There are 2 protein chains.
Amino acid sequence: MDRMTADPGTETDFRGATLEEVGQAARNHGMPLEGLRYDVTPIGMHYLVTHFDIPAADEASWVVDLDGLVERPLFLSMADLRGRPAVTRPVTMECAGNGRALMSPRAVSQPWLLEAVGNAEWTGTPLRPILDEAGLRPEVVEILFTGADHGIQGGVEHDYQWSFALDDILRDDVLLAYEVNGQPLPPQHGFPIRLLVPDWYGMCSVKWLERITAIEDASDAFQLSAYQVRQEEGGPGTRVTRKSPRALMLPPGFTDFPARQRYVDAGPCELTGRAWSGWGHITRVEISEDGGGTWSEVELEPAPPSPSSWRAWSFGWNAVPGEHELLVRATDDAGNVQPVDPSWNYGGFMNNMAQRVRVLVR
Amino acid sequence: MDRMTADPGTETDFRGATLEEVGQAARNHGMPLEGLRYDVTPIGMHYLVTHFDIPAADEASWVVDLDGLVERPLFLSMADLRGRPAVTRPVTMECAGNGRALMSPRAVSQPWLLEAVGNAEWTGTPLRPILDEAGLRPEVVEILFTGADHGIQGGVEHDYQWSFALDDILRDDVLLAYEVNGQPLPPQHGFPIRLLVPDWYGMCSVKWLERITAIEDASDAFQLSAYQVRQEEGGPGTRVTRKSPRALMLPPGFTDFPARQRYVDAGPCELTGRAWSGWGHITRVEISEDGGGTWSEVELEPAPPSPSSWRAWSFGWNAVPGEHELLVRATDDAGNVQPVDPSWNYGGFMNNMAQRVRVLVR
């Protein structure tokens, strides 16, 4: 994420994707937006990003070391972790780079349009009682999580890591998760165990978790400096944390290939979708048919028990013949509203601009 | 697949991917090549292509109609199909467009590098006894399969279809499959039921199977005219059928992000991978360190019971410091050998050029 695409833009202002971007896109994948129809995203449809390689892992010999500034270091086998109290939690997970390819110019990374999301049921054991058991020393400032995935990014060779201030991680809803949708984690989702931090973007939910370290200084782990909202390379930035609100529509009608233009029959057309925010419950979803000049509120399904899981919505649209562009935006109970246009930044993060769905009604 | 990318090539001769290609790549996905380590590809790692939308499906009400020129039309519920004799078969499935993005210029479609493959265990009931039960009339020439996926391609609105000459489909190993790796098909793999034709490229294994029709003329279904090896748009072509041989290597060492350059420590390095062919067993896999001038044979694992499933191989490589490019190619028992360079065609099909893995040994 240290350079921009240099190819000329096209009429849609999209700059041709580089070989590196295509290589990432062929490995990683979003949730096809038809996946919005399922309350729980089926395995294999959930979005996926792996920075480096998917590590080989053997559950029988896997150990999570909990060390650093603790009274009692722990060596947690999978049998130990599975023997602890288990919690299952539906969580909407989204990549911080969702929407990146809709910015121009964009960082050379995973070129997401809007599909980098999923809502799975994760099962694991709460983290906090384990930290309590180990006994954090008074001088602890952050908890650092290290995965088994290893590589080079930005010229720095490292194991993938993320670190949290105590207040951000000593939450009751943070899990060490070993199952998704009732099955052992697939290799690509962190088998045999991963961190799961609801409400934040996915980059912090470290996969293939090998080590938890209590530290007394703010971590300088590489990924913490990469996931920053900056206006220029190397400039001052703000670390990416919670998910901005977003509503997505299940594109109506049917599609062409490969452009994915939508075709809809004239008449009543029920539009449906999901919305979520890392800042609280979704309180409003709106649709605009005039480019964001005026907005109509959709009907929200009942709020989920926790705002960490997405909320369904529907809207009775009267499709009249012609070309249309439908915009969708969400508002959360912290007052955050999706913008109509992207808020550009160097790394291409947190672009929660309203979805635009072009539809040809016949 | 009716036009070529028009952006200028780069130094690697890769032409920037269009927005349509990136949109397809964000939905569909290959098997990250680390997946070569698993004999059976975990769910969610298997490659995936959906031309149109993933249809909504209800197993309880799903019916496969078997009609056309048969003595006794059948209406096959999922309960009926699941009540018939079940067979589980490991099958290597590959997209006919695998390698497309390594051709220049390339068709605007799914921009695969080399990851469009997977080897899953499919469970279903053999097709042939069902056709026998229905009773094909003497004038039947082809069997046409229709999926529930619907859209527009090449200006033609259609349900996805593939058709087979009788000899090609009246094989004992063709299944109507309802499980993969012991689980119900995920939506994106054809839930609740799909055709499974081993040895051929994946496009013919129609997903979301709704109808089987015995017909007396060669079908003019759209996809049959799209999956053609042609030298020019609209020119004469040859239909894509069986998989050409291919060997893939699990890239050794570790990677950088996002370019996926490989780094390997100097010394003995075991290279491993898989190879397959739709024309028979793999009889030889070779590695070249000099661009294809000379080749060394690798060690093949025992052949699988059926050549429809891939074969593992390994090679003890002595990694000496410096930059290397490793080429891998397979030969099958029909005598087909992978070429070093791509065999260009208009639609970007069947590019089974030898894999090239660049490695920096330190």
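This is a predicted model: local features need pLDDT of at least 70, side-chain atom pairs count only at pLDDT 80 or more; totals for chains, interfaces and linings use all residues.
You'll find A:Q183 in strand β8 of chain A, residues 183–184. If you want a sense of where that is, take A:I143: A:Q183 and A:I143 are 40 residues apart in sequence, and their C-alpha atoms are 28 Å apart in space.

Now hop over to chain B and look at the neighbourhood of strand β7, residues 175–180. Five of the six residues of β7(B) are buried, so the rest of the structure largely encloses that strand. What does β7(B) pair with? One partner is strand β4 of chain B, residues 117–126, running antiparallel with five bridges to β7(B). In that pairing B:W122 stands opposite B:V180. Another partner is strand β9 of chain B, residues 194–196, again antiparallel, over three bridges; there, B:L175 has B:L196 as its bridge partner. And then there's strand β8 of chain B, residues 183–184, joined antiparallel to β7(B) by two bridges. B:V180 turns up here too, with B:Q183 as its bridge partner in β8(B). β7(B) and β8(B) make a hairpin with two residues between them, and in the turn B:N181 has a positive phi of about 50 degrees.

Staying in chain B, there's an open sheet of four strands, in the order β13-β16-β20-β19, with antiparallel pairing. β13 (246–249) and β19 (299–300) of chain B are the edge strands; each has a single partner strand, so one side of each is left without a neighbour in the sheet.

How many residues of chain A are in contact with chain B? It's 54, and they touch 53 residues of chain B. On the chain A side, α1 (19–27), β5 (142–153) and β14 (254–257) each supply at least two residues. α1(A) gives the largest share, nine residues. By class, that side of chain A has 26 nonpolar, 17 polar and eleven charged residues.

Leaving aside neighbours within four places in sequence, B:V22 is in contact with residues including A:A17, A:A25, A:P111 and A:L113 from chain A, plus B:A17 from its own chain.

Last bit: how do the two copies relate? A rotation of 180 degrees, with 0.0 Å of shift along its axis, superposes chain A on chain B with an RMSD of 0.0 Å. That is the relation of a two-fold axis. The same surface serves both copies, with 98% of the contact residues of chain A recurring in chain B.

Key
Residues are numbered from 1 along each chain as its sequence is written. Chains are lettered from A and ligands numbered from 1 in the order in which they are written. Two residues are in contact if their C-beta atoms, placed from the backbone, lie within 7 Å. A residue is buried if 20 or more other C-beta atoms lie within 10 Å of its own, exposed if 12 or fewer, and partly exposed in between; C-beta atoms are placed from the backbone. Two strands pair if DSSP finds at least two bridges between them. Ala, Val, Leu, Ile, Met, Phe, Trp, Tyr, Cys and Pro count as nonpolar, Asp, Glu, Lys and Arg as charged, and the others, Gly among them, as polar. Copies are superposed by least squares on the C-alpha atoms of residues with pLDDT of at least 70 in both.
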